[in-house]
Amino acid sequence: MSIAFLDPGNLEGDLQAGAIAGYSLLWLLMWATAMGLLIQLLSARLGVATGRHLAELCRDEYPDWARLILWFMAEVALIGADIQEVIGSAIAIQILSRGVLPLWAGVLITASDWYGV
């Protein structure tokens, strides 16, 4: 999630939304970026100190119900980070095909490109 969080495309989408919503969304973006960087820093320190990554430590330390909630939250965060790229690519495919391919077909084409994940 840390790579998707700092992806320039996501940041650009956040800034565009901020242009519409005003300064309140920009403050939210600033604090979200600061908190994301703090979490990355703490995760890196944890990895250096223990030699294991955060998912391994969560698996060993938390009960099953908490691990499932953490897994679900991570999946939702990844979907939220990638959905605008999928929709943006689908719009680009529709524009490049001059409307021959509908938007839903562009989403299917973009979503089928899963081998890089």
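**Close-up views of a predicted model**

**View 1. A nonpolar surface patch that includes Tyr62.** Tyr62, Trp65, Leu68, Ile69, Leu70, Trp71, Phe72, Met73 and Val76 together form a nonpolar patch on the surface, with about 1,000 Å² of accessible area (Shrake-Rupley method, 1.4 Å probe). The model is predicted, with local features requiring pLDDT of at least 70 and side-chain atom pairs pLDDT 80 or more, while totals for chains, interfaces and linings use all residues. Residues are numbered from 1 along each chain as its sequence is written, and side-chain values use heavy atoms, without hydrogens and water. Tyr62 lies in the loop between α4 (54-61) and α5 (64-96), helices being DSSP runs of H or I with at least four residues.

**View 2. Ser97 in the loop between α5 and α6 (103-111).** Ser97 is buried, at a relative accessible area of 19%, and a polar atom of its side chain lies 3.2 Å from the backbone oxygen of Gln94.

**View 3. Thr110 in helix α6.** Thr110 is buried at 18% relative accessibility, and a polar atom of its side chain lies 2.8 Å from the backbone oxygen of Gly106. Leaving aside residues up to four places away in sequence, Thr110 touches Val86, Ser89, Ala90 and Ile93, contact meaning heavy atoms within 4.5 Å.

Conventions
Patch = residues over 30% accessible without salt bridge, like charges linked within 9 Å, V, L, I, M, F, W, Y side chains within 5 Å. Salt bridge = Lys/Arg side-chain N within 4 Å of Asp/Glu carboxyl O. Helix = DSSP H or I, 4+ residues; strand = E, 2+ residues; numbered from the N terminus. Buried < 20%, exposed > 50% of the residue type's maximum accessible area, 1.4 Å probe, protein only. Polar contact = N/O pair within 3.5 Å; in protein donor to acceptor, adjacent residues only side chain to side chain.
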